[in-house]
Amino acid sequence: MKRIAACYIRVSTEEQIEYSPQSQLKEIRKYAKEHDYYIPDEYVFADEGISGRSTAKRPAFNRMIAAAKRKPKPFEAVLLWKFSRFARNRTDAIVYKNLLRNQCGIDVISISESLGDDKGTAVILESMFEAMDEYYSINLSAEVKRTMQMKAENGEALIPAPFGYQNENKQFVIDPERAPIVRMIFDSYEKGCGTRKIAVMLGNMGVRTKRGNLPDNRFVEYILRNPVYIGKIRWSDGRENNRRRFKGDLTDFHLYDGQHEAIISPEQFDRVQKALEEAAKRYGKYQRKEAQKDFMLKGLVRCSSCDGTLTKSSAATPSLQCHNYSRGSCHTSHHIAIGKLDNLISQALKTAVSTLNFDIEIQNSNSRQDYFILSKMLDNEKRKLGKIKIAYEEGIDSLEEYKHNKARITANISRIEKDMSEANKAPNKEIFANKIGEVIDIIESPAVSPSEKNAALRTIISKIELCRPGNNIRIFFYT
């Protein structure tokens with residue numbers, strides 16, 4: 001009597017003709033026939049164009065594992081062309097082979113890699129195959145890096161075309177609409193315009209990044225520092241170096257002559273790099289020591305236009321400004337002197353106490369942290385609902401498992417929502433007014449430090465919105 005088997009087929013690229021799905025299946029069915037196995041069509045699992053480095057993104061593999069977990073077991077063995085088709089990661093190979101063999105009683109067989117009849121020898125040989133497969137995968141990654149370096153040395157494009165260029169036949173070609181904008185950016189910076197001013201100018205012109213976003217100062221600086229615009233290709237095989245690339249640190253980077261046409265002259269590019277370096281020295285992040293000092297409203301005030309946080313600006317008078325406006329992506333100034341805003345907040349708090357008029361954002365929680373935790377718990381349970389549905393649709397979980405998990409998670413959601421509803425009951429306004437009064441005494445005391453005043457405000461205030469035009473403020477309380 002023939003035994004039922006499943007087969008798993010994987011190819012990572014279309015170029016692997018010798019390992020095509022059809023050829024793998026043909027050889028596996030031939031082996032099955034010779035060894036008294038029968039493979040039903042529903043137990044043919046195939047992942048095409050997918051790497052074997054991880055099982056996370058292999059839907060057919062995951063369906064096979066889910067099917068193998070059923071009781072009684074649906075098949076006696078999983079047949080493979082090679083063990084490398086199963087996994088190129090030794091950890092995944094060990095985990096899933098152990099699950100199939102020891103927990104499900106299902107063997108995993110490579111039809112082209114004989115392990116012999118001796119179990120001890122078979123264990124050693126299979127471990128060798130797994131190590132060789134992982135070595136192949138690691139070596140392939142190194143080969144890809146070498147190939148990319150060769151392309152860089154030949155001046156070939158390695159990435160999607162940057163702003164100002166288009167990709168044509170795997171080469172950068174000047175974009176006639178955006179290349180003049182790149183030239184304007186370099187010219188404007190040389191004439192003394194800062195990166196933020198240039199970003200605002202671009203936004204007003206209707207220019208958008210390739211992702212459709214408003215330009216900001218980082219976008220402008222990235223263009224100014226990118227040697228692609230003088231016809232160069234920049235290459236490094238270390239991902240960590242990419243973080244330094246934006247700031248112009250080309251340590252461990254290699255520049256090669258590209259095959260594309262330059263938009264900017266090398267002389268202008270060098271002049272701009274020197275200007276950027278001088279600006280960095282004059283306005284270095286840690287050279288303005290006053291920016292490191294605490295102030296009473298630190299982190300509490302938001303911009304009414306973009307909801308960005310107001311941070312200390314470099315004005316002569318201690319002031320706040322929307323940090324997105326400073327970068328150029330917000331076009332409405334929210335500049336205000338800190339002393340003036342402190343007085344506005346004190347007066348607004350006193351008015352709220354006298355009128356018992358509070359804009360409560362989060363109500364009657366034992367603490368803001370408790371409410372925050374509840375909301376995060378609710379979001380997490382809702383995400384779980386989506387995940388178990390996907391697991392069921394992919395065949396990883398059975399209908400019974402899905403129903404059980406859904407009932408459990410739904411009950412958790414109801415409990416959390418009840419707790420949040422209790423937390424949102426209207427507070428006693430007189431008691432809350434007394435609490436605000438205590439905070440007012442703290443923030444108006446000259447003996448209390450700015451950080452302590454900030455901590456006191458955070459016990460009652462979620463955020464403060466500065467509205468422009470005008471200097472109107474809106475305070476969002478929580479109890």
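Two strands pair if DSSP finds at least two bridges between them, and helices (H or I, at least four residues) and strands (E, at least two) are DSSP runs numbered from the N terminus. The structure described here is a predicted model, in which local features need pLDDT of at least 70 and side-chain atom pairs count only at pLDDT 80 or more, while totals for chains, interfaces and linings use all residues. Residues are numbered from 1 along each chain as its sequence is written, and side-chain values use heavy atoms, with hydrogens and water left out.

**Overall picture**

The protein has 16 helices and 16 strands. Of its 479 residues, 41% are buried, where buried means under 20% relative accessible area, exposed means over 50%, and partly exposed lies in between (1.4 Å probe, protein chains only). The protein exposes about 27300 Å², of which carbon and sulfur atoms supply 51%; accessible areas come from the Shrake-Rupley method with a 1.4 Å probe, and for residues only the protein chains shown count as cover. Contact means heavy atoms within 4.5 Å, and among contacts between residues at least 6 apart in sequence, 63% join residues at least 24 apart.

**A sheet of 3 strands**

Strands S11, S12 and S13 form an open sheet in that order, with antiparallel pairing. Its edge strands, S11 (310–312) and S13 (336–337), each pair on one side only. Strand S12 (residues 319–322) pairs with S13 in the antiparallel sense over 2 bridges, and Leu 320 has Ile 336 of S13 as its bridge partner.

**Aromatic pairs and charges over rings**

Rings of Phe, Tyr and Trp (its six-membered ring) pair if their centres lie within 6.5 Å, and planes under 30 degrees apart count as stacked, over 60 as edge-to-face and the rest as tilted.

| Pair | Centre to centre | Angle between planes | Class |
|---|---|---|---|
| Tyr 165 and Phe 172 | 5.9 Å | 35° | tilted |
| Phe 186 and Phe 269 | 6.2 Å | 35° | tilted |

Phe 186 lies in helix H6 (residues 179–190) and Phe 269 in helix H10 (residues 266–282), so their pair ties together parts that are 83 residues apart in sequence. Both Phe 186 and Phe 269 are buried. Tyr 165 also counts as buried, because its relative accessibility is 0%, and Phe 172 is buried with a relative accessible area of 7%. Ring pairs link Tyr 165, Phe 172, Phe 186, Tyr 229 and Phe 269 into a cluster.

A charge sits over a ring if NZ of Lys or CZ of Arg is within 6 Å of the ring centre and within 35 degrees of the ring normal. The charged end of Arg 58 sits over the ring of Phe 61, 4.6 Å from its centre, and Lys 463 lies over the face of Phe 476, at 4.9 Å from the ring centre.

Thr 195 lies in helix H7 (residues 195–204) and counts as buried because its relative accessibility is 16%. Leaving aside neighbours within four places in sequence, Thr 195 is in contact with Tyr 189, Asn 217, Val 220, Glu 221 and Leu 224.

Asn 62 has its place in helix H2 (residues 59–68) and is buried, with a relative accessible area of 17%. From C-alpha to C-alpha, Asn 62 and Glu 394 are 7.8 Å apart in space, although 332 residues apart in sequence.
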